[in-house]
Amino acid sequence: MNVEFHSSPFSSIAADALLMLHFEDDPSPAHEWFSELAASGEAKGKVFDLAVLHRPAGFAAKRLVAAGAGPARSFTPAVLRKITGAAVRALKSKGVHSIALCLDHPYAEAALAAAAVEGAVLGNYEVDVHKSEGRATDLATFQLISPADLAPAVAHGETIARAQNFARALVNEPGNLLPPLELAARAAKMANENGLDCEILDEDRMRQLGMGSLLGVAMGSDQPPAMIILRYTPATPSPDHLCLIGKGVTFDTGGVSIKPSDGMEKMKYDMAGGAAVLGAMQAIAQLKPPVAVTAIVPTVENMCGGRSLRPGDIVTSLSGKTIEVLNTDAEGRLILVDAIEYARRLGVTHMVDAATLTGAIVVALGHVHVGAFTNDEEMLGRVLASARAQGENLWHMPLDDDYKDYLKTPFADLPNIGGRWGGAVTAAYFLKEWTGGTPWVHLDIAGTAWLEETKPFLAKGPTGVCVRTFIDLALNWR
């Protein structure tokens, strides 16, 4: 899909559909053509409502569309992102190939322009890439029209949305087409195209370093593991060094503690945290924030095999801490702790990880909020501020020291699971034990990385959650 900006008069725009925002509490819209639709009762201004006027007199566009925007007092970039996504999905399904959106005063603002473009690019994405026929039609062109110079904002929004779609495309790939080494290859290709430094640690190198926790998870698969490391260095050296860490389990059977067959096909999404980190790095390389950013994605396949970890096995992590594996389906934390320790050895000053870590977070927060855990309130504040700015829902979860009482074993330093209660918290506390006091935020995205049903503005499947938050965090680092 091509994305364009124009400042031409609205009436001269030749598009299949010309969108204009229509607010629920605006009794007298500025454009006269609204009156015909309003009189018919079609244009009510509710969010996601679309009222269409065909072959409008005096306009080059084939259709004028009143895009419901809800009450003006509640209008935000996050709302507009969803509105444009929903409009793109609805109109392209009716044979529309080009859409233009008008942002007139007082809505001709950079933040709104960027969000509108993001919504259009995200809404255009489909998950049917592997269908041989019957695939959804892509929108050919999306134009943003405004009297203000919003071209930089349009380019900014396109960069962010394409990064999020890059992450979604990775998550959408099935495990047979995206094993760990293929994920590493795609990360390296993206890095090369965007001027990022890339290093891939292979199995032999990780064994030399002593990453016994990560390698323990990988033992049951014929697919070799990898650790992906991408580096962005700003033109002016920065005192801080931000590290983004993403869980990269390309398929998760649960290992010997095998998952139920119902829904296991979705376990290709268990690398959504790693994909979010890689997507964010694509945009970071292009937008050039002021802070140094390193991304680390430990990637493995968790399978059943003759060499698989067994419940009761003990592994030694990179830090030297030993772990009793009580449940082989709690594998994400086992690969993340070696990544966290490696990040500390690189000298990073701040860390954020994203992982589809626990079913417990879905029980606690459903499919609405990401669970956010931290050892540093200031660091959490930065992450929450970026999430709010980008319309992503994060919820601060507890991480009191009392939860450590759930993580006890007489056989090793720590077990990889606690008891029945507080599973998302004990998983986060387990990770915290490897942070060594480095400011850190853990984002459990198990409930938000995958849409079970299509939304008006987003296709069923991978969401790319946290990509925008990570980008905003780096861009606004002070």
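A salt bridge is a side-chain nitrogen of Lys or Arg within 4 Å of a carboxyl oxygen of Asp or Glu. This is a predicted model, in which local features need pLDDT of at least 70, side-chain atom pairs count only at pLDDT 80 or more, and totals for chains, interfaces and linings use all residues. Residues are numbered from 1 along each chain as its sequence is written, and side-chain values use heavy atoms, with hydrogens and water left out.

Select E173 and R186. They form a salt bridge, with the closest N and O atoms 3.0 Å apart. E173 lies in the loop between α4 (151–172) and α5 (180–194), and R186 in helix α5, so the pair ties together parts 13 residues apart in sequence. Helices (H or I, at least four residues) and strands (E, at least two) are DSSP runs, numbered from the N terminus. Buried means under 20% relative accessible area, exposed over 50%, and partly exposed in between (1.4 Å probe, protein chains only). E173 is buried at 9%, while R186 is partly exposed at 27%.

Next, select K92 and E126. Their side chains meet in a salt bridge (2.9 Å, N to O). Both K92 and E126 are buried.

Then select D270 and K247. Their salt bridge has its closest N and O atoms 2.9 Å apart. D270 and K247 are both buried.

Finally, select 313–316, which is strand β12, and 414–415, which is β17. These are the edge strands of an open sheet of three strands, ordered β12-β13-β17 with mixed pairing. Two strands pair if DSSP finds at least two bridges between them. Four bridges join β12 to β13 (residues 322–325), and the two run antiparallel.
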